[in-house]
Amino acid sequence: MEYITNYPLGELKERFKDLGLEPYRAKQVFRWIYKKFITDFARMTDLSKEYRKLLSENFRFHPLKKLDRVEAPDAIKYLFKTVDSHIVETVLIKERNHYTLCVSSQIGCAVGCTFCATALDGLKRNLTTAEIIDQYIQVQQDLDEGKIRNVVFMGMGEPLANYENVKKVVKIMISSEGLDLSKRRITISTSGIISQLNRMAQDEVMREVNLAVSLNAVSQKAREELMPLTKTNTLKELMEVLKSFPLPKYRRITLEYVLIKGVNDSVKDAEKLAKLIGQHKRRFKVNLIPFNPDPNLPYERPSLTDIMNFQRVLWKHGISNFVRFSKGIEVFGACGQLRTKRLKLEIEGAVK
Ligand code: SAH
Ligand code: SF4
């Protein structure tokens, strides 16, 4: 038995063919799932009873089990469990008039950033296409009204290290028969794996979605200290790749910068950041993310004054930038944090 949400439409047609099912029916099933969020073959009423039975003998729906749901004023955090008992987290952010979903692409992460809770227990494994898509489906099913319009790959894991599956997810998301999301409303956030960025640049599907790159430091040395994997994916190479990345018209690359007290938050750092961007002000915008403290991480958040001083330098150089304060983030902490808490509880035997 396999998960039907593992396949973009073209592949699902092929699977149907292999199984002796009529391939054109794939489109019908696809629409039930991604337009109506019906994940029960019995309810797909325009298919014959016999056909529904055949489908249910071959496919199933949810690879994730919903464990928990924590509400904050402007966000809901969902905890899921995989079949092999890993925890996956997903955050729904309520914007003024729409929803944004922050999805996870891996269990853990191999990049090992010293400020990130996801990194604490290394990489366990990639999530499958169905496990990533199921985060969207289950959260959408949980909502009374309104469709999730924006998706950011900013949960647990490094999406470009799980390229094939992330690409399939993107295909399902942008397909007019699928979730039909705009490419501009999907953002892939990466720590900057050069080979995968080059691959993305050549890829007609992937290069059209939004690209956010976690810079986090302005010198090779400082960056290596915060993000160990950048020893081989150097700042110099990264900036070169980004400066020539084939962007759609009017599109910018977001440079994410986690501001950590006394580590990378000085006015001098801001000046260096402006210098890195140099003449390419229209290609980049900067997203400043005040560090979210965690008892397991050895850093602190800068003061509001320091954050504003950093911003002021960027403005002075004409660099677009923004700081996002979220009540939800205040409650939950950053990506991965609730998960580590729960894992601890499990170890202590407090949660079944
Ligand atoms: N692996 C990808 C996407 C997931 S992390 C990446 O690194 O881009 C998403 C964002 O959360 C990254 O920009 C990362 O720098 C940021 N982040 C991680 N831990 C954080 C923390 N404790 N406080 C604030 N931001 C954090
Ligand atoms: Fe991985 Fe991103 Fe966390 Fe770094 S910040 S460890 S790349 S999830």
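Hi everyone, let's start at ligand 2: by class, its shell holds five nonpolar, three polar and no charged residues. Here Ala, Val, Leu, Ile, Met, Phe, Trp, Tyr, Cys and Pro count as nonpolar, Asp, Glu, Lys and Arg as charged, and the others, Gly among them, as polar. The residues around ligand 2 are Cys 109, Val 111, Gly 112, Cys 113, Cys 116, Ala 119, Gly 157 and Ser 191, each with a heavy atom within 4 Å of it.

A quick word on the model. It is predicted, so local features need pLDDT of at least 70 and side-chain atom pairs 80 or more, while totals for chains, interfaces and linings use all residues. Residues are numbered from 1 along each chain as its sequence is written, chains are lettered from A and ligands numbered from 1 in the order written, and side-chain values use heavy atoms, without hydrogens and water.

Now the domains. An automatic or database assignment divides the protein chain into domain 1 (2-60) and domain 2 (75-348). Their centres, taken over C-alpha atoms, are 33 Å apart.

What does the interface look like? In it, 15 residues of domain 1 contact 18 residues of domain 2, with contact meaning heavy atoms within 4.5 Å.

The rule finds three salt bridges across this interface of domain 1 and domain 2, each a side-chain nitrogen of Lys or Arg within 4 Å of a carboxyl oxygen of Asp or Glu. Elsewhere in my notes is a salt bridge between the side chains of Glu 11 and Lys 168, at 3.4 Å, N to O.Thanks, everyone!
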